[in-house]
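Trainee: Could you take me through one part of this model, slowly? I'd like to see how it sits among its neighbours.

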Amino acid sequence: MASTYSREWRAVCEKFRRAQDLSEIESRNDPENDPFRSKYKARELLKEIHCVVKNFEVDDGENEGQEADGQIGEIVDGEAINRGVNKVHAGDSTAGLRAAKLGVIAYHLGVNHIETEELSAGEEYLTNCMKSLDECTVTRENVSLNIQVLNQLGILWAGRDESETAQGFLETAESVYVRYMKEDGQPPLDLIDFFVLEEDAPSQQEKIRRFEMAYTHTLYYLAQVYKNMGQYERAGQYCHSTLQRQLKFSPFVPVDWAINAATLSQYYITKSRYMEGRHCLAAASVISGLEEIPSEAAAKESEAECEKREQLLQKRAEIARCWIKYCLNLLQDARKLLEDNIGELDLDRQEELQRARRDEEEEEKGKRTAFIFDSADTFDSICSLEEKVNCQFPLNFEEARAVFLVGQSYVTQAKEYFEIDGHVTDHTEIIQDHSALFKVLAFFEEDLERRCKMHKRRVDMLEPICKELNAQFYLLICRQLQFELAETFYAMMDLKLAVAEKQDQPDAHTIKKFNHLCSESIKYFQMFLDSIRSPEGKFPEKLEDDVLRPALVAKFRIARLQSKIISGNQATQLENLSLSLESYNFVVQYCEMHPEARKAVEIELELSEEMVSLLPMKIKRIESTVASSS
């Protein structure tokens, strides 16, 4: 190879640097009508470099001509590169190094073609590069190139939805890294080392960083592939490793890292792995705080600062929403563990879980060390934030309230950015999550009146939005709000009924309040059912799957509510019971006509069938009483 001090080699290095600048920097400013202009210029320079390199021969550091197979600027394809590599390999004791140099050009040409949407040509360059590397052992000269070519092939095949093929390339890259670190482990040559003057060569520390980042990319791409293949456990592991390595080895964009960590937390939450989920969220909050948000004044003066401010505020609000989901899911999972067969707190189960918790605490401490994001600059801050919220299931009201308050604080944060003006869907979902926090907290509250007040808070936050939204544009959201409001009033009615049953004789105020709750619940259930009707006002003969259970449950609930309304007027009572029977009949008859619906409402159907047989007798008794009294 030409001496690193020769004029020819300096020219080669300059061309390589220029090709990189064109591809990585100047291409960002290419015009829309010629989007690959800089990349095409870079390609021509890479081809020229290949022609020069192919005709160099190592001879005691001297530069001698060697088989000028073509002039600088000839069109080079993957096979030509492969022929050049083979010639060098056959006659040179440093074949591995020289093959890697030609392979580096093949790699860059492959990436260049892929970036200009010439995928087949790009694949050919990369494949031929791999073939040449297969002839060599994994060495300090070629290991970085090996991993990066495999990464690119993995990305290419993943883009074609060929996940298994992509998996093969990426797992090979992983094994190459593991093998090299086991057998050698010294800082390998980076791709830039092959075409840089000695005085411009990267430091050993920079070489290590670049090599480790290439492997970090391998893990990141594997995480995506495993996710696409439905291997979510492995995907989560590789995503976590990627984030850990980014903290350790590279400059990273804090807000992007934080969003990825917060996203990973949601996977852990779905698996009830709250310790891991909490750690990811704490890390996300701390790392996102490393970037200072530009002031409103700065944002007004600079478009770039305005865009940065908007992005940071949005991402932090998204992380706050992930915290809300963490608190909500932790409370909901705890409820599932603690509730009995009628949905109330099981005191025996509560005591059993309290005893088991003491045994689990030591085990959890051991698990934590395996997944922490070990960053010297942020570790203490992450730990401090973790301590503010529990990761164990709350087992009583005080513990549940502590989790609730953390979730509520993040609701406030999220709403500051996701205001209803401009963010209708996001704002509404946050309010629904806030309502759900109150709902699950009420489960832990033993006092029925206080529990009822919690549900009233839900009504107060949901009702204004429900009235404000236009169902024509937000039909799905309106249906969700209508059904939730109906269920909330229904829960309040049941609580008031339980309180009334403890009294000898409910007073007029209690009866009025009880009847109001029944009427409001019926109103919102009916609004939900009316939203299913056709524009002509006709109720569908067959319900769509997404509204099947909600619609039948709504009918069932209306039936029960109508029968519960308290009235001293027997004519009104008869009317209410008749309407109740009609609604129960609807559920029974619909399931007779559509047997596949029975599975969706098994309990409601069983009770409806029972009431269809009992209510007529009750109605007749009242009718007889009315007739005899008149």
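Which helices do the buried residues of H18 pack against?

Mentor: Keep in mind that this is a predicted model. The buried residues of H18 pack against helix H16 (397-417), helix H17 (424-444), helix H19 (475-501) and helix H20 (508-531).

Let's start with H18 itself. It runs over residues 448-468, which makes 21 residues. At 1.5 Å a residue, that should span 30 Å, and the end C-alpha atoms are 31 Å apart, so the two values agree. There is a bend on the way, though: about 30° at Leu462, with a proline, Pro464, following within four residues. At the start of the helix, look for Asp447, where a side-chain oxygen reaches to within 3.1 Å of the backbone nitrogen of Glu449.

Now for the side of H18 you asked about. Its buried residues are Leu448, Arg451, Cys452, Met454, His455, Arg458, Val459, Met461, Leu462, Glu463, Ile465 and Cys466. Here's a handy rule for reading a list like that: an α-helix has 3.6 residues a turn, so residues three or four places apart point the same way. Notice that Leu462, where the helix bends, is also one of the buried residues.

Next, step across to H16, one of the helices that H18 packs against. H16 also has 21 residues, and from its first C-alpha to its last it reaches 31 Å, close to the 30 Å expected at 1.5 Å a residue. At its N-terminal end sits a cap, Asn396, with a side-chain oxygen 3.2 Å from the backbone nitrogen of Glu398. Among the buried residues of H16 are Phe397, Phe404, Tyr410 and Tyr417. The cover over the buried residues of H16 includes helix H13 (303-338), helix H15 (379-386), H17 and H18.

H20 is another of those partners, and it holds Ser519. Ser519 counts as partly exposed because its relative accessibility is 38%. Ser519 and Ile558 are 39 residues apart in sequence, yet their C-alpha atoms are 9.4 Å apart in space.

Finally, have a look at the largest pocket, which holds about 1,000 Å³ of space. It is lined by 27 residues, and Arg335, Ile342, Gly343, Asp494 and Arg557 lie nearest its centre. H18 turns up here too: the elements giving two or more residues to the lining are H17, H18, H19, helix H21 (545-564) and helix H23 (602-629). H19 gives the most, with seven residues.

Key: Residues numbered from 1 in each chain as written. Predicted model: local features only at pLDDT ≥ 70, side-chain atom pairs only at ≥ 80, totals over all residues. Heavy atoms only, no water. Expected span 1.5 Å × (residues − 1). Bend = angle between axes of the 7 residues up to and from the residue. Buried < 20%, exposed > 50% of the residue type's maximum accessible area, 1.4 Å probe, protein only. Contact = heavy atoms within 4.5 Å. Polar contact = N/O pair within 3.5 Å; in protein donor to acceptor, adjacent residues only side chain to side chain. 1 Å grid on protein atoms, 1.4 Å probe; cavity = no way out; pocket = protein on both sides within 12 Å on 5 of 7 lines; lining within 4 Å. Points joined across faces, edges and corners; volume = space filled by probe spheres on them.
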